Amino acid sequence: MAPPHILVASCGNPDAGADAFGPAVTAALRQKRGQTPFFKVIDLGIRPAALLDHLEGVDELIIVDAALLPGRKPLPGVLDIDWDSPARPPLAHDDPMSTHGLSIAHQLELARALGLLPPRVRLIAALINSPAAFQPGQTLDPKLAALVDEAVRRIADV
Amino acid sequence: MSDKKNKTPESRTIRVGALARVEGEGALHLKMRDKVVEQVHLEIYEPPRFYEAFLRGRDLREVPDITARICGICPIAYQMSSCYALEKAVGIADKIPALTHKLRDLFYCGEWIESHVLHMFMLHLPDFLGYESAITMAADHGETVKRALRIKKLGNELVALLGARSVHPVGACVGGFYRHPEVSEVQHMLPEVKHCLGDMIELTRFLAKAVEYPDLQRDYEFLALRDTSGGTYSMNRGRIVSNRGLDMAQEEFLDYIEERHVQHSTALHAMVKGRGAYMVGPLARLNLGPERLHPTAQKLLEEICAKIETALPWRNNFLSLLARGVETVHALALAADIMEAYNLNDQRAAPRVSFTPRTGRGCHGTEAPRGICWHAYTVKDDCSVDEARIIPPTSQNQMTIEEDLRELARTVADLPDEQAALRCEHLIRNYDPCISCSVHFLKFKRTWEDSDRPLHFSGA
């Protein structure tokens, strides 16, 4: 029996503060685990509209991003939650005004409508409590950088 | 949403606020008295990005990769325009081999396919069919959306074939490419290109058959490239021509076109000197060069014209949906031809022409999916950029969009706010402007004023 196909997809701008979290995780993951036909790692960068291109045949999708909950106290670790959980916070790019209107959330809804949604979708995220953390020109905050290893470990253990 | 104070039906101000983020930020203001539109402002208030300023002093070899960052949707347009302009500036334009031009066309095919299909089926078609979004449309037209997604994916793969990645590709350079693709890579993709070509022909037929197009005829001045060397439908090369007699070399662009600052927008408004607004993009290209389309697309175009009972020139920009369909078929058919002809000698040929830095100037525009993207550079003999000028397609169309809205606004004067806003958004989306991603999310607000009082804008 073939192993399940796992797709790990990050999005974000590596030069915009906390937005760099997702790309940092997928870059580290590639180094640690590499890629196989059954374990694919992609970084969608600032243009998450390409996620739909990669969903065919995927059994488990893991989205890696920064999640925004204004005013919420930062978590000591990363958030690891089922995509459909009512407790899932919005992504930093969840608003409908991402590049050409196709945010990650919109694409997954479209995938669901088309019957293309992978059976399991997880979100692994750094929880951010202020939009100011996404300042262009800033590097990843050391506290968030420290969470990259934990995110990589959670994914690599799949 | 609506405030009605001292209500009179004679005058009102309509504000469509917060086009927000993405490739641009903007809003729409309509000021009306009776059914007469007194003022239309498509505001672009995104802060200036200063690309032209911070390119000064940079190594000219960095320019294609820097300017590609201007847009997440059409980076190839910025790379190709800057490469061709800089090759003129350093004196190697005549040395670029035919193979490089062909591969650049193939590169551009990928961008046209991806950008056009994304816009047509994910963003524009829901407007025509009465759905809120592609998600709700997918419930009734799932197979159509799936086929479109497959074609869009292929467009991204074509970009990655030459650019190493589909987002902000890095394969192009001044003089050509950093490497040529392997023949095996190209041949591996060819069956999918042919499959998608067949699908796209059928999808375009569907658009002609199933969609009812609003009728808004206007006497536009169309501007597009015309390739005088090979006679093909221009993507990368050619003179710039219009249906009102303009026929200029690339270097003469600023002799005929000027940019003006307008108070309500941080984007400059481009216009034909002494004349005014003009249109760039699919409708302009199609009207100015249908005989240059790939034969497969030409045949389809004849069929489409017969189906909708409208011969070229099309003067209704709601038909831009069909124009994009025909252009996507052209791009797929052209890509298949280029890929079929690609061989081992091509793979082994030098991927780029070298150059010796010199002082010079070069100007060039190419056809981005949404119209001419024109660049000009002055460079110095230390390989640095001395001056840069970039005129993107959306700023060229902005004045025409406002004029279209002025025309449309008369016909929606009696509609409720929500419906009027949707009609305006639909029209703006005809142009697939870089702010198009946000026009589905406008807040619509209007106030009623006493006609004796001066009108003022209000809203979000």
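Analyst: In this predicted model, H364(B) has H375(B), a residue of strand 13 of chain B, as its bridge partner. Strand 12 and strand 13 (residues 371-379) of chain B are joined by nine bridges, in the antiparallel sense. Strands of a sheet pair through backbone hydrogen bonds, and the pairing may be parallel or antiparallel.

The sheet as a whole has three strands, is open, and runs in the order 12-13-14 in chain B, with antiparallel pairing. Strand 12 (360-368) and strand 14 (385-391) of chain B are its edge strands, each pairing on one side only. From one strand to the next, the twist averages 15°.

Two helices of chain B are placed against these strands. Helix 3 (residues 75-89) of chain B packs on the sheet, where it touches strand 12 and strand 13 of chain B. The direction of helix 3 makes about 155° with that of strand 12 of chain B. Helix 13 (residues 393-411) of chain B lies across strand 12, strand 13 and strand 14 of chain B. The angle between helix 13 and strand 13 of chain B is about 130°.

Taken together, strand 13 of chain B pairs with strand 12 over nine bridges, is touched by helix 3 of chain B, and has helix 13 of chain B lying across it. Strand 14 of chain B, an edge strand, is also among the strands that helix 13 of chain B lies across.

Methods
Residues numbered from 1 in each chain as written. Chains lettered and ligands numbered in written order. Predicted model: local features only at pLDDT ≥ 70, side-chain atom pairs only at ≥ 80, totals over all residues. Pairing = 2+ DSSP bridges. Helix = DSSP H or I, 4+ residues; strand = E, 2+ residues; numbered from the N terminus. Axes fitted to C-alpha atoms, helices over the stretch in contact; angles between N-to-C directions. Contact = placed C-beta atoms within 7 Å.
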